[in-house]
Amino acid sequence: MATPVNVSPTAEIVARANELFEDLSFNSARKWKAAQPDRKVIGYMPIYVPREIIHAAGMLPLGIVGGGDQLEVIHGDAYYQSYICRIPRSTIELGVSGRLDFVDGMLFPSICDVIRNLSGMWKLMFPHVYSRYFDVPQNYRDDTGGNFYINELAELRLALSELRGKPISDDELRQSIALYNENRKLVRELYALRVERPWQAPAAEVYLMVRAGLVLPVEEHSALLREYLAAARAEERPKRDNCRIVLTGMFCEQPPLNLIKSLELSGCYVVDDDLMLVTRWLIGDVPVEGDPLQNLALAFLHHSESTAAKYEPNQKEKGQHLVRAVKRSGAEGVIFAAPSFCDPALLDRPMLQHVLKDAGIPYIAFKYAENSGQMQPIREQAGTFADSIKLWSAA
Amino acid sequence: MKTFVGIDLGSTTTKAVLLDEDRKVIGHGITNSRSNYATAARVASQEARVDGQFTLFRRALTDAHAQVELDTFLGALERAFRLEQFLEQLDDLEQTCVGQIQGDRFAKVASGVKDSLAEVFKRLRAEAPELYAPGAKRKSDFFRDIAGSRYHAHAEEVARSAGLPYDLLLNVYDKSIIEVENRPPAGELSDKFRRALGRVLSAESSVKAAAPDIQKMIESALAIDLEETYLVGTGYGRVTLPFSKEHIRSEILCHGLGAHMMYPQTRTVLDIGGQDTKGIQIDGSGIVANFQMNDRCAAGCGRYLGYIADEMNMGLHELGPMAMKSDRPARINSTCTVFAGAELRDRLSLGEKREDILAGLHRAIILRAISIISRSGGITNEFTFTGGVAKNEAAVRELRKVIKENYGDVTININPDSIYTGALGAAEFARRAHLGQSDGSQQ
Amino acid sequence: MTTATKIVTSRAPVKEVIKDASMMKQKEMMAAHYDRLTSAPETGAKVAATFVPGNLNELIMCFDLLNNLPEVNAIQSGLRRVSGSYVLEAEKIGHSEDVCTYVKSDIGMMAKGNIAPNGKKFPNPDVLLLSYTGCFTFMKWFELLREQYKCETIMLHTPYMGDGKITKNMIDYMVKQLKDDVIPTLERVSGVKFDIDRLREYLKRSTKAEDDLVKVLQSAKAKPSPIDAYFGGIYYIGPIFGAFRGTQDAIDYYRFLREEIEDRLAKGQGPVTPDGDMGKEKYRLVVEGPPNYTSFRQFWKMFYDEGAVVVASSYTKVGGVYDFGFRHDPDKPLETLAEYCLGVYTNRSLPMRIDMLVNYINEYEADGLLINSIKSCNSFSAGQLLMMREVEKRTGKPAAFVESDLVDPRYFSAANIKNRLESYFQMVDQKRAGASAAA
C-alpha cells in the first residue's frame, strides 16, 4: 500500500512490519530463498529453537505460529477434534494449502503433547520435508541435561549440514551467535523502551516489530528494530492514564492483533509479555568464544526464560519469574490470557496465581483463540481491571 | 402390491417413504414428531400410504387415458381428501373438547360453553373448504397448527359475544389437542377417498362428463392393496424406537443409502439437521465408508438459525433471502447458539448491516459443517447436501463458494425432497431385507 | 392391509454381575495395597507417588517405599462414580474446564479429604517421582502436588521417541539421571541404601509376570477370543502397571490369569462380561484410546450386547509395551529401566503408534478400528483423526470414532455413542456382505 505523504516514520516502519505479519504466503521468505540457488528455509514452532544453528547453515529460520484470524481453516479441521487448540489446525492448513511449499524443514520444540504429536503427523503428511521433534532437557545439570542437550544440538547440526551438503563449522556458529546476541539485545532494548515510556512504544506496534523477526533474516530484523527504536524514541506521543500490566500465557498460539489493541484501548499498558519468547529466550549474551554448542547448551540451562513448558525444579522458585517480571517492569497487575484448551498455560495458571496472591499482585484471567472475533468481553474485563487497579492504588 | 416402508423418527419431524418392488418411491408422508413415537410412526406411515394411493390413482388414470387434466384433477382430489381428513379430525376435536366440560370450573357455565363450542366448530367447519381451496396458503400442513390458530381466532370472538371468559374455551382445547393429535387416524381410508372423489366430481364441471369412467378407475386403484411387506425404522439414538431390533437401521446408514438412491454417483453427503450435523462418505453401492457427527452441540444447525430468526424478529424462511442481499459478509468466528443473541446485538450496535451479519452467519454455519465433512474424509464428487438448511439459498451460496475454493469443481446435489433421505434409505433396507439380500443383520 | 410391525418394549431381567475369579484375586491385592497405604502413618512406611507410564515400581520397592499412583486413584474414583464431584471441586478452586480430568479428580479428591477407596485417608507422599514420559500434563500434575505437599520431587525426564527409535543419547541421559538424581534422592528420603542386586531380583520377577501377561494378551488372536482386551484388559493390566510389578503377587496373579484364559481357550469360550459369558462373537475390534471410567459398564455393554469383542487395544500398553519383545532385563538394570520408560505407548511417535495399530489389526484379524477420543487427554487425542485415516488406508478396514472423557461424567453421552457404535457395526456388516445395489 502506498504510504501517504505525512505519515510518521514510526507508522511507515510499522506498516512494513504489518505487511509481513499479514502475508500468509510468506512472500518475503520466498523471495529470500529464490534470490540465490540452494538456499533453504527451516520452519520452527514455539517456544524455542536455537536459530543460530539454522542460520549458521546459511538457512533462514522461519517462525510458524499458526494462521491467525485471517486464515479460514477448512482442511485443518479434518485433523483435530473440537477440543484441541487452533494453532495445530491452522498450521496444517498452511501446510496443505501449499503456503509452506518452499519450506525445507520443520522443527517442533517440546512444548506440549499437541505440538509433539504434530511432529509425527508432519512426517507422515510431508515426508519430503525434514521434520524433527526438538527435545529440550528438563534436567539442568551440566553433565546430565547439558550433555543430553549438546548431543541434541549436534544431531540438529549434523542434519542441517547434510541438508546443506556441507558441514557447519564452529566459526559459522560463532558468527551466528554474535548476530543473534545483537538481535536479542535489540529486542530487549525495545521492551525496555516500552517499560520506560509505554506510550512511545504501543504494545501492538512492539508486537509487529518483534513478530517480523520470525520471517526476516536476522540481520534485516536487527536493522528494522534499530530503525523503529530511533523513530519511536523521537516521536512524541500522548501519554495515557493507563495502568501497567504484564501479559502471560501467550507463548504459543498467538492472540489476534485486535486483542492486543483492545487491551491498550481499555486502559492497560502492556509492559511485559511472553509473546514469541523465541526472540528473547536466552537472557544475556551467549559467549562467542569457545565451543559454540556447549555455549548454547549452557545458556539454555542457566540463562533462559521461564515458561509453563519448562520444569521448575525448585518449589520456592516456582512462579517467581513472573513476580520478578512485574517488579522489573513496574507493573501493577498481571493478565493471564491463555488459548482455549492450552494445557501448559491452563495447568500452570493456578500455581502462578497463588504466587501472585502471596506477593499481593492483582490479576485477571481469560481465554482466547487465534481467531477470536469478540473483543467486547476482553475490553470489559481489561477495562474493569484497569479501573480497579487505579482505584486501589489511589486508596 | 408389495410395498416397503421406511420410517425416520427425527427430532422435529417423522418421515415415511413407501417403495415398490421396482425401487420406485410410490409415496412419502411427514408429520411432526411428538411425545408418542409409535403414533408419529403410524401417522407418517399412513400419510405415505395416502400419498401412495394418489400415485396409484395417477397410474390408473394415465393407463386408462382418462379424459381429464391429471394434475388439476389430482390436485383437487388431494385437497378434497385433506379436507375430509381435516373435517374428521375436527369432529374428533369437538367431541373431545365437549368431553372436557366437567368439574367445578365449568359448573355454572357448562351449557354456555357447550353452545359456544358448537358455534366455534360450526364456523371452523364452514371455513374449512376455504383452507383447502386451490391456491390457498397454509402456514403449515399439520392439523395442530391449522386448527389451533383458527380455533383461537374464532374462540376469542365467540367467547366475547357470549360473555364467557376466553380461557375456558382455551382450556378445553389445550386439554384435548394432544389427545386428538395422538389418536391414530380413524375411519377407512377408502371411504375418505370416495367422499373426496364425490366432492370433486360434483364441484368440478369439467370432469362431469368423464365422471363414471373416472369413478371406475379410482375404484380399481383403491382395490389394490398396499401391503406393508417389510418395515424398517430409523431415528435418533436416544429415542426408544417402537420397532424390534431386526427392523431398525442406524440413521447414518439410512441417510447414506437414501442419498445414494437419489443420486447414485454421490460419494459425500452432508446433512445439517435441526440439532446435529452429519458428514457421510459412501461408496458406489450406497454403503457407508466413513462418517463423523457433531451431536454434542447445536451450533450451526437448524436450531441455531431458529434462534437467530427469533433474535432478529424475522421468519426462518426470511433469513436466506436477506443474507443474499449482502456482498460483504461479516467475519463471524463462532456459531455458538447460546451467544448468538449477544453477538448479533454487539455487531448491530457497531453499525454492521443486518444482511452482512446474516451472510457472515451463513458462512460460519457452512464452515462448521465443512469441518465435520473434513473429518469424515473430505469431499469426493458428487456432493449431496440434505436437511432443512439445504433449502436456505444463502447457505447454499456459501457452500458452493467454499467447495469451489477448496475442492474445485464438484457436482452439488440438492433435492427439494431431501428431508426424506433417511426414510428412503430405510425403505430400501426394508426391500433388501425382504429379498434376503444379505446385509449381515441378525436373524 | 397387513398389520404394521409390532411395537416392542424390552426389559432385560436384572442379573447378578458375574466376576471372573482372577478379578476377585485382583480386588484382594488392591484392597491390601490401599490398606498398606492408609496405615502408613501408623506403620511408619514411607510413600512415593509416581505415574503409570514410567512406573519404576521395582526401583521404588528397593527403598521399601509404598507406591501410590494418582492415576490409579483417579481411575478408581471414576469407576466408583465419585470423580464427577471431585472434578467440579477442582474447577471451583480454579482449574480450567479444558485440562486433564485425572488431575482434577486428584486435586478434588485431596480437597475433599483425600479419602481412599477403603474409606480411610491417603497418606501424604514423602517423595514425588515425576516420571516424565508420554504426557506433558504429568509435569504440571506433580508441580501442583509439590505445591500442596512441599515434599521432595524428582524429575526423571524420558526423551520422546520423535524419530521412532531409542538412541544412545537418550539411554545415557536417563541412566545418568537415575544414578545422580533419582537413586540418591530416594536413598535420602527412605533412609535405605540402594542395592542393585535387589533391583535385579525384582526385575527378574517382573519378567516372569510380563511373559504371562503377554500370553494372556495374545490369546485374543484366537477365534473366538477368550478375552476382551480393552474393558477386560483394564483389569488385567492393573497389577503390572500398578504397585505390583516385581512382586511375587504379580507372578501369581498372572500365572493364575493365564491358566484361566488357557482354559477358556481350550473350551472355545469367549470373554467374560459383567452379564456373564458373551454370546456369539460377531465383531473383532482394535480400540485406540483410554476408556471412559464413569460409565464403564454401560460402555462395555454396548459392545458385548452386539457380540463385539476387543481383541487388542493401545491403552493396555500405556504403562509399558511388552508384546513386541521387550522385557525388563536384570542384566542391565538401569538401562532396562530407561528402555522401559522410553517404550511406553504414549512416548512413541505417531508413526510408531499407527504401526502398532496396523499390526494389531492384521495380527489379531480384526474387523476394524475404533477410536475412543478423550476430550481432556491431548497426548492420546491430538492426531487420532489422522491415525484413523492412516490405519484405514493401510488395512482397508473401516474405523469409527466416538468421543468421551476419562473420569468426567458430563462428557459421556450414551445415546450419541451408542448411535455411532451401532452405525459402525452395521457398516462392518455391510462391508462384509459386500452388499451391492440391486439396480
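Reply:
**Inside the core**

Leaving aside residues up to four places away in sequence, C:Phe303 touches C:Phe231, C:Leu285, C:Ala308, C:Val310, C:Leu370 and C:Leu421; touching, or contact, means heavy atoms within 4.5 Å. This is a predicted model, in which local features need pLDDT of at least 70 and side-chain atom pairs count only at pLDDT 80 or more, while totals for chains, interfaces and linings use all residues. Residues are numbered from 1 along each chain as its sequence is written, chains are lettered from A and ligands numbered from 1 in the order in which they are written, and side-chain values use heavy atoms, with hydrogens and water left out.

C:Phe303 is one of the residues with the most contacts inside the largest nonpolar core, along with C:Leu59, C:Tyr102 and C:Phe299. That core has 305 residues. A nonpolar core is a set of buried Ala, Val, Leu, Ile, Met, Phe, Trp, Tyr and Cys residues joined through side-chain atoms within 4.5 Å. Buried means under 20% relative accessible area, exposed over 50%, and partly exposed in between (1.4 Å probe, protein chains only). Helix α8 of chain C (residues 168-190) gives the largest share of this core, 9 residues. Helices (H or I, at least four residues) and strands (E, at least two) are DSSP runs, numbered from the N terminus. Another core, of 42 residues, lies apart from it and includes B:Ala48, B:Val68, B:Ile218 and B:Phe243.

A:Gln254 counts as buried because its relative accessibility is 4%. A:Gln254 sits in the loop between β5 (243-248) and α10 (257-265) of chain A. Its side chain reaches the backbone oxygen of A:Met250 at 3.1 Å and the backbone oxygen of A:Cys252 at 3.1 Å.

Now to the meeting of chain A and chain C. Here 56 residues of chain A are in contact with 53 residues of chain C. The two chains bury about 4,700 Å² between them, 56% of it on carbon and sulfur atoms; buried area is the accessible area (1.4 Å probe) that two parts lose on being put together, summed over both. A:Tyr83, A:Tyr311 and A:Leu347 supply 16% of what chain A buries against chain C, more than any other three residues.

Between chain A and chain C there are 7 salt bridges, a salt bridge being a side-chain nitrogen of Lys or Arg within 4 Å of a carboxyl oxygen of Asp or Glu. The side chains of C:Asp181 and A:Arg141 form a salt bridge at 2.5 Å, N to O. On the side of chain A that touches chain C, α5 (113-125), β4 (130-134), α6 (142-164) and α13 (343-358) each give two or more residues. The largest share, 10 residues, comes from α5(A). By class, that side divides into 25 nonpolar, 15 polar and 16 charged residues.

How values were computed. Ala, Val, Leu, Ile, Met, Phe, Trp, Tyr, Cys and Pro count as nonpolar, Asp, Glu, Lys and Arg as charged, and the others, Gly among them, as polar. A polar contact is a pair of N or O atoms within 3.5 Å; within protein, one must be able to donate a hydrogen and the other to accept it, and residues adjacent in sequence count only if both atoms are side-chain atoms.
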